[in-house]
Amino acid sequence: MTTRPDPSSRRWAAPRRMNPLGGQAVQSTASGAPGSQIWASIDIGSNSFRLELARLAGERYQRVSYIKESVRLGAGLDDQGMLTEEAMQRGLNCLKGFGEQLVGIAPERIRAVATQTLREARNRNAFLARAQAVLGHPIEVIAGREEARLIYAGVARLQPSDKPRLVIDIGGRSTEMILGRGQKPLLAESFGVGSVGLSVRFFADGRYSAEAFRAAQVAAGAELEEALTLFRPELWKEALGSSGTVGAVSQILAASGKTDGRITPDALRWCIAQCLEAGSQDKLQMPGLKDDRRPVVAGGLCILYTLLSQFGIQELLPTKGALRQGVIFDLVERLQPSGARDPRADSVSELQERFAVDRPQADRVASQAELLYRQLTPKPSPELLRELTWAAALHEVGMLVSHHDHHRHSAYVIAHVDAAGFSTNQLQRLSGLALGQRGGLRKLEAQLHDASLLDQLVALRLAVILCHARSPETVAPPKLEREGKQLTLLCPKNWSVEQARTRFLLKEEAEAWARTGLLTLSIS
């Protein structure tokens, strides 16, 4: 069963004007909107970088401006998986321009995410440090499934439907596939094949041949084969394509008069035939083909044809939703009062269940850690406070692996798990807190110079000690005071000999911090 393209999708794009950053275009539907009302997302993709500014009023989404630049960051990965300086510089130049567009927008309403290329790049941390400096905002590297979830969020909100649907997004170095219904993604996966990577591998010299197209399709099919059962045709009623590759091919087909923009197997065969007839990308002439898409069109066509053939897709409809809108919708939900709709809270709960966490104990540690943290930081950042409580909620997930050194198992699990809503950056931070919950502190020597993480870690470690008996507190908890680098834990006078073990552990804790030279902890 298929549907016609949404006619409103052609009206959705606003009139274009020149992009002052030298990219493709800026679109605008509003001007003079206060920065406090604007939401911003930056999509640092493998082929293009995108900046979206929007306003939301209830369920109504209004684009303020949109900038797209073809950076081809993914083409700058060398044989050792390192980003070249030239590719990094292209990205930095673009992000510097994006940063200028963000002036006046509330920082909590801005989110920048990076996808497959920075998931792969071995020198990503070096690039991220420079990129965050020029952008002026943190950049989160998101996992493939998280990228897929956010893509679906953008599609589902901007093109709502109750039909079971398959959403496909072909990026520069990965392809995301999502099954969903309404606003709920039922299955989301990411596969390591994209238009940039396939084009560099099989069409690096810019020449087209039947053999190269066949080889590229076989390679794409091998990567996508494991998805055949998961996304089989009987599970969905319509297939939608999001973002660059699908949009570019849809424009070619509409401009050529082959279809009204929908993508079909016959239409893709025509596109491939045009490539073969031209013989090279330099000679390729197709209406609607833009110069920035020319170097990667062959790889994109191969992935599209493989998908339609293998998954029985009779037509793929371009959709107006994408990752960048999903990031904005997700950010709005995060900032709901008390984080009521924050998907990360659901992920933490699911992980607790999956790893059979002792929830009453986790709750005790989280409550005690929050109390101590608020004494260390009277006006805590809501996000840092949430991180601390999530770290406490998950600090014992490693118990399912082994009681011995469970903190190390917890750290490994948290760092490598797919958790909806979390970026890989934030999971690494939670992993560090889980690793540092007990034992020596030398293993976290580099991270401890981050003052915000240091405070979180102090609160978590002390909470774990104070709750070590794994039973409800029967006496008032100690209070924590700070004076510069001097911390003092004030124990209640009615602490009896029953707390002798706790006093012993606290003494060991004071000695551990003394060895770091970062702070002094005294027990009074």
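**Salt bridges in a predicted model**

E85 is partly exposed, at 42% relative accessible area (buried is under 20%, exposed over 50%, partly exposed in between; 1.4 Å probe, protein chains only). This is a predicted model: local features need pLDDT of at least 70, side-chain atom pairs need 80 or more, and totals for chains, interfaces and linings use all residues. Residues are numbered from 1 along each chain as its sequence is written, and side-chain values use heavy atoms, without hydrogens or water. The structure holds 32 salt bridges (a Lys or Arg side-chain nitrogen within 4 Å of an Asp or Glu carboxyl oxygen).

**E85 and R130: between helices**
- The side chains of E85 and R130 form a salt bridge, 3.0 Å from N to O.
- E85 sits in helix α2 (residues 85-101) and R130 in helix α4 (residues 124-135), so the pair ties together parts 45 residues apart in sequence (helices are DSSP runs of H or I, at least four residues, numbered from the N terminus).
- R130 is partly exposed, at 32% relative accessibility.

**R90 and E86: within helix α2**
- R90 pairs with E86 in a salt bridge, with the closest N and O atoms 3.9 Å apart.
- The two residues are four apart in helix α2, about one helical turn.
- R90 is partly exposed at 31%, whereas E86 is exposed at 59%.

**E387 and R429: a buried pair**
- A salt bridge joins the side chains of E387 and R429, at 2.7 Å from N to O.
- E387 belongs to helix α14 (residues 382-394) and R429 to helix α16 (residues 424-435), so this bridge links parts 42 residues apart in sequence.
- Both E387 and R429 are buried.
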